[in-house]
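I opened a new notebook page for this structure.

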Amino acid sequence: MEKKKNDLNQKSTGEVGAEKKKYREVVLPGELLGERKGRKLSNGVYAEGDKVFAKVMGVPVTTENEVRVVPMSGIYIPNINDKVIGTMTQVEISGWLVDINSPYISFLPVSDGVDEFVDTHRMDISRFFDVGDVIFCKVSKVTKNKTIRVTMRSLGARKLYGGVVLKVKPTKVPRIIGRGGSMVNLIKSKTGCLIYIGKNGVIWIRGDNRAKAIEAILTVERESHTIGLTEKIEKMLEGEEEKKEGEAKEKPKETKKTEKKKNAKKSAKVVKNGKDK
Amino acid sequence: MVKTNEKLIVKGKRLDGRAIEDLRPVKMDVDVIERADGSAQVAFGNTETIVSVYGPRKLYPRFLQKSDTGILRCRYNMAPFSVEDRKRPGPGRRSIEISKVTRLALEPATFLTDFPKTVVDVFIEVLRGDGSTRVAGVNAASIALATAGVPMRDLVVACSVGKIDGKLVVDLNGLEDNNSEADIAFAIMPSKEKVTLLQMDGRLTKEELFESLDLAKKTCKKIYEMQKSALKESFKD
Amino acid sequence: MENYASNLLLSGKRIDNRKLDEFREIEIKQGIIDKAEGSAMVKLGKTKILAGVKIGLGTPFPDTPNEGMLIVNAEFTPLASPDFESGPPGEDATELARVVDRGIRESKCIDLKKLCKTPREMVLCVFVDIHIINHDGNLIDCAFLASLAALMDTKIPKIKDDRIVRGKFEKDLPVLYKPIEVTVCKVDDKFVLDPMFKEEAVIESKLTVCVRDDEKICALQKQGSKELTMDDIKKMIEIAIDKSKELRKLFER
């Protein structure tokens, strides 16, 4: 467990009048967070001399070794090894352009998308991935000028079939996942949906109960800075568990079988669970 | 533009009842435009501006892209119905100049080098014009940038200072602005005490000018507290 | 982009060996455009700017029914620099025109009230048009000198039957003050005056100060993408006041 030391003379929760909500403390750009004291400066902060200041509006996290601010909002800037969900926007000769919800478009080279040898002079690679396909992939390279490459050679990388895509603020993704996956697992188990979350703020959901799952996710996004959120989401999804069980009793075997069949067919030609580097 | 020969300060008070160092009632709200990445609405008395921020986003046309930094683009515009004599739509010379100085007021505060090849667009609309519109715009733009998550060294705070009836006053309204012996638009990064906008027209001695600058800095500190409240309050609802 | 001149400036030196607060050689020639009511060409080093004054008749603005009009326009003509493009004035040309306008207007060097023919109906319009001929830096200061010199060269034409009689003049345009605009630039921790085009590459921020004969400040315009401290501003204003006295001497006959 990390020891949290707050250099600011402030409470870590603030109670507002009669309301029962408790809020994490929020800092603003330009606010002094403390002295650097040799600590690592991560996202959301900058140093002037030995003083560290917040760069964005967000929740400060100061430990013995690190100072950073978790932003309340902001666009997604790709970092190497990020697992993201992207959409194919263009089929090139030796790869695909993938929109990863960033001002920087990424490229998936054929060699990182397909396991078999592909003769790009003869073959039209749109048979593997076409415009509009949704993939769960990994950022493999980010140059200084933000030229991005992604790869399917990563544990869990796959094409995502059917389902819907939802965009949230990338800064809220950690809260939506929850500590050790607690929040997303809660939503998955209560709604029975298949959910993939990309670090880039793109979320893919498939399942009959997806409306409820979407509502839960959007609630977490909106109230991410409040405390007691997990309980609230649990309550919200309480009814859903019963609903799901009810449906399962009516048509139990069909839904599970058809899903397995679908997945078996389509994963034939695409990279199958490439090994992580 | 109303010119008057009447006195603007009577028995130590301005015509709208204010003391010479009083601001008009200030209203600041953020997240007022859903579709934008960041937004704010700021009013000083009857002057009201609304701002949205989009970005950092991809910059087109491509030749405008800078490979090592993002750029800031700013558009200040007055709605035709914002003033007494309808203002013809479209950018006039005044709006073009104000767009430029506003951009230069905000640029030093932003970490654009974190986002090469992108643009941060700031759109300022004056909905009601009653003096000191450009500084209201800068105040709103600054908190809109913060809500958009654009990294900044500091917020930017702005105010106007002027000379009417021989006295230095702050936050000039329309009538005072048009009949002033001098008026100054000033913006500062408050925690760093670094000035990013300074324009003046009129006639001031060097001493009066220095005194005005100090008064502007002091007034901006008051407005800074209001910006901070508006941002921090936005989480509590 | 940095270059040899701007690189040198960072170490406090200039390629033409000037001191940091020294202006280049200035040459002022008035009355060179006979079709204009007033004109002047100013050479500031290699920067060349031509200002022409035309007098017209018009209806006054509704809120100033007894005042003549002053309209200042600037063209960053494409022939003056490879960076200038054809078309309507961009933000820099617009800013320059408005900053020059401010200096002339706020200093009250032209008494607009004296340019009224018939209140609410007919007033004289003074058009000052600034044409950049060669851009080698410090455009605002040079444009202001050209505008002032052109105004001082201006003769008000005769008016007959509510029409201007070109070629016949009534009197000189009264110019009551000689305001001077000085743009003080900040490079690192140094203050520099009159930069050449190549030197402008490293200038982070500037403050244009318009100073009247009685040392009153009539206009201020901060430019550049970097900030200034309160101290910087106060120092820059003092430098400008000082320099304006020297430049005003150019107009002493």
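Which residues in α1(B) meet which residues in α2(C)? Arg93(B), Ile96(B), Glu97(B), Ser99(B) and Lys100(B) meet Glu91(C), Thr94(C), Glu95(C) and Arg98(C).

Ground rules next. I am reading a predicted model, in which local features need pLDDT of at least 70, side-chain atom pairs count only at pLDDT 80 or more, and totals for chains, interfaces and linings use all residues. Residues are numbered from 1 along each chain as its sequence is written, while chains are lettered from A and ligands numbered from 1 in the order in which they are written.

**Confidence**

I checked the scores. The model has ipTM 0.92 and pTM 0.88. Chain C averages a pLDDT (the predictor's confidence in each residue, from 0 to 100) of 94, and 99% of the residues score at least 70.

I went back to the first pair. Helices here are DSSP runs of H or I with at least four residues, strands are runs of E with at least two, and both are numbered from the N terminus. Axes are lines fitted to C-alpha atoms, for helices over the stretch in contact, and angles run from 0 to 180 degrees between N-to-C directions. I noted the cut-offs: under 35 degrees is roughly parallel, over 145 roughly antiparallel, 65 to 115 roughly perpendicular, and the rest oblique. Ala, Val, Leu, Ile, Met, Phe, Trp, Tyr, Cys and Pro count as nonpolar, Asp, Glu, Lys and Arg as charged, and the others, Gly among them, as polar.

**Chain C on chain B**

I widened the view. In this contact, 29 residues of chain C touch 30 residues of chain B. On the chain C side, α2 (91–106), β12 (217–223), β13 (228–229) and α4 (230–248) each give two or more residues. The largest share, seven residues, comes from β12(C). I also found that β12(C) pairs with strand β11 of chain B (194–204) in the antiparallel sense over four bridges. Strands pair if DSSP finds at least two bridges between them. Leu204(B) has Ile217(C) as its bridge partner.

**Helix α4(B) against α4(C)**

How do these two helices cross? Their axes come within 11 Å and cross at roughly 165°. That makes α4(B) roughly antiparallel to α4(C). From α4(B), Lys206(B), Leu209(B), Phe210(B), Leu213(B) and Lys217(B) meet Met230(C), Ile233(C), Lys234(C), Ile237(C) and Ile241(C) in α4(C). I counted classes again: seven nonpolar, no polar and three charged.

**Chain B on chain A**

This contact takes 23 residues from chain B and 19 from chain A. The chain B side draws two or more residues from each of β5 (47–58), α2 (133–148) and α4 (206–233).

**A sheet in chain A**

I ended with an open sheet of three strands, ordered β3-β6-β5 in chain A, with antiparallel pairing. β3 (32–35) and β5 (45–48) stand at the edges with a single partner strand each, so one side of each is left without a neighbour in the sheet. β5(A) pairs with β6(A), residues 51–54, over four bridges. There, Tyr46(A) stands opposite Phe53(A).

Notes: Two residues are in contact if their C-beta atoms, placed from the backbone, lie within 7 Å.
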